[in-house]
Protein chains: 2
Amino acid sequence: MARRSMRAEISDAALERFHTRGYSAAGVKDITDAAGVPKGSFYNHFASKEAMGVEALHRYAATQRFAVLADDSLPPVERIRRHFTFLRAQQEERGYTRGCLYGNFAAEIADHSELIRAELAAGFDEWVAGIAEAIIQAQRAGTVRATLDPAVTARFILNAWEGTLLGARAARTGESFDAFFQLVFEVLLTA
Amino acid sequence: MARRSMRAEISDAALERFHTRGYSAAGVKDITDAAGVPKGSFYNHFASKEAMGVEALHRYAATQRFAVLADDSLPPVERIRRHFTFLRAQQEERGYTRGCLYGNFAAEIADHSELIRAELAAGFDEWVAGIAEAIIQAQRAGTVRATLDPAVTARFILNAWEGTLLGARAARTGESFDAFFQLVFEVLLTA
């Protein structure tokens, strides 16, 4: 088997370090050390730490199981529920630490890096669009009330999710997740 | 007029630096330089950077106008609306940057400092209690449906707010705030 590319090694290490330590606390040298490559090689693969942050976001997004939101074999509200149930399980496995790399970067870096801010905005927009499409289909099926604006409701639900992760990390309990599922699936997304 | 205490000077500088740059990016020396005091004097006033973080949270909380949540001269849902309207205006004045220091520390530091994590959990609990009390009074007045659990709903609303700040910082627009106000005040907190 061919050795994985140096770029892939660095990217994996960057994702892990940014997610567990934060953007500022994870230095380029920490990342190259973790990847087992010389620090100087970093700039052969990435123009900047910011560019590495964008790559980490892409790699992180690939782990978030967005495809279920478009899974036509499931009723539309069930797709949204399964998506967030999967994400909740991920957080619980990690003892309510780490949260979402998108939310973390929004809190820590959006104000300071236009490159990363634009990437976060685009990522959130795409995520909102996936949730909104499922809401539209639920409204057609009559399982979500027609008076809700799908895009506005989807934006609210995604933001509520990101804040739920912050609440769970502060409390180290599942209480914030329970509140999210109760309000979103028993109150908001109902007929 | 007496010169403000060195501890107060350091605390003000810490709050400003932590809020604008983040916890990791704001070093003790940055903070003492901004306060115009020698770095060595820091440890005469604070046991650690973490203890300084806790003090910054207390100072930040004092700017968040929690008293309106208990203002009996206003209808209870109006108290909640005015509280978040004030916080939204604060964010808009800052061009959708900085966010909430509690949310920022939850994203960046909760996993790494038990002292700060416990302070965040206590702060969020107190905030939730203030919102829940207003919901209970609204339910008694018949302006919020009785089927909502006040504490669970308050937790959800606070988390949704924290996520709304992240969404607004990523997008640098008011769209996330609009979604919050629409869903919370036109859908959730209604009779």
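**Helix 2 of chain A**

I looked up which residues of helix 2 (residues 28-35) of chain A are buried in this predicted model. They are Ile31(A), Thr32(A) and Ala35(A). I count a residue as buried if 20 or more other C-beta atoms lie within 10 Å of its own, as exposed if 12 or fewer do, and as partly exposed in between; C-beta atoms are placed from the backbone. Helices are DSSP runs (H or I, at least four residues), numbered from the N terminus.

Next I looked down the axis of helix 2 of chain A. Its buried residues fall within an arc of 95°, so they line one face of the helix. The arc is taken over the directions from the helix axis to the C-beta atoms. The general rule I keep at hand: an α-helix has 3.6 residues a turn, so residues three or four places apart point the same way.

What covers these buried residues? Helix 1 and helix 3 (42-45) of chain A are included in the cover.

**Conventions and confidence**

I number residues from 1 along each chain as its sequence is written, and I letter chains from A and number ligands from 1 in the order in which they are written. The model is predicted, so local features need pLDDT of at least 70 and side-chain atom pairs count only at pLDDT 80 or more, while totals for chains, interfaces and linings use all residues.

I checked the confidence of chain A: the average pLDDT (the predictor's confidence in each residue, from 0 to 100) is 96, and 98% of the residues score at least 70. For the complex, the predictor gives an ipTM of 0.97 and a pTM of 0.97.

**Positive phi in chain B**

Most residues other than glycine have a negative phi. I noted Arg65(B), not a glycine, with a positive phi of about 50°. Arg65(B) sits in the loop between helix 4 (49-61) and helix 5 (76-93) of chain B. Arg65(B) counts as exposed, with 12 C-beta neighbours inside 10 Å.

I also noted Tyr96(B), not a glycine, with a positive phi of about 60°. Its place is the loop between helix 5 and helix 6 of chain B. Buried or exposed? Tyr96(B) is buried, with 21 other C-beta atoms within 10 Å.

**Domains of chain A**

I find chain A divided into domain 1 (6-59) and domain 2 (67-188). The bounds come from an automatic or database domain assignment. Their C-alpha centres lie 26 Å apart. Eleven residues of domain 1 are in contact with twelve residues of domain 2; contact requires C-beta atoms, placed from the backbone, within 7 Å. On the domain 1 side, helix 1 (6-21) and helix 4 (49-61) of chain A each supply at least two residues. Helix 4 of chain A gives the largest share, five residues.

**Chain B against chain A**

I turned to the interface. 40 residues of chain B are in contact with 40 residues of chain A. On the chain B side, helix 6 (101-108), helix 7 (114-141), helix 8 (150-171) and helix 9 (175-188) each supply at least two residues. Helix 8 of chain B gives the most, with 15 residues.

I then superposed chain B on chain A: a rotation of 180° with 0.0 Å of shift along its axis does it (RMSD 0.0 Å). That is the relation of a two-fold axis.

Note on methods:
Two residues are in contact if their C-beta atoms, placed from the backbone, lie within 7 Å. Copies are superposed by least squares on the C-alpha atoms of residues with pLDDT of at least 70 in both.
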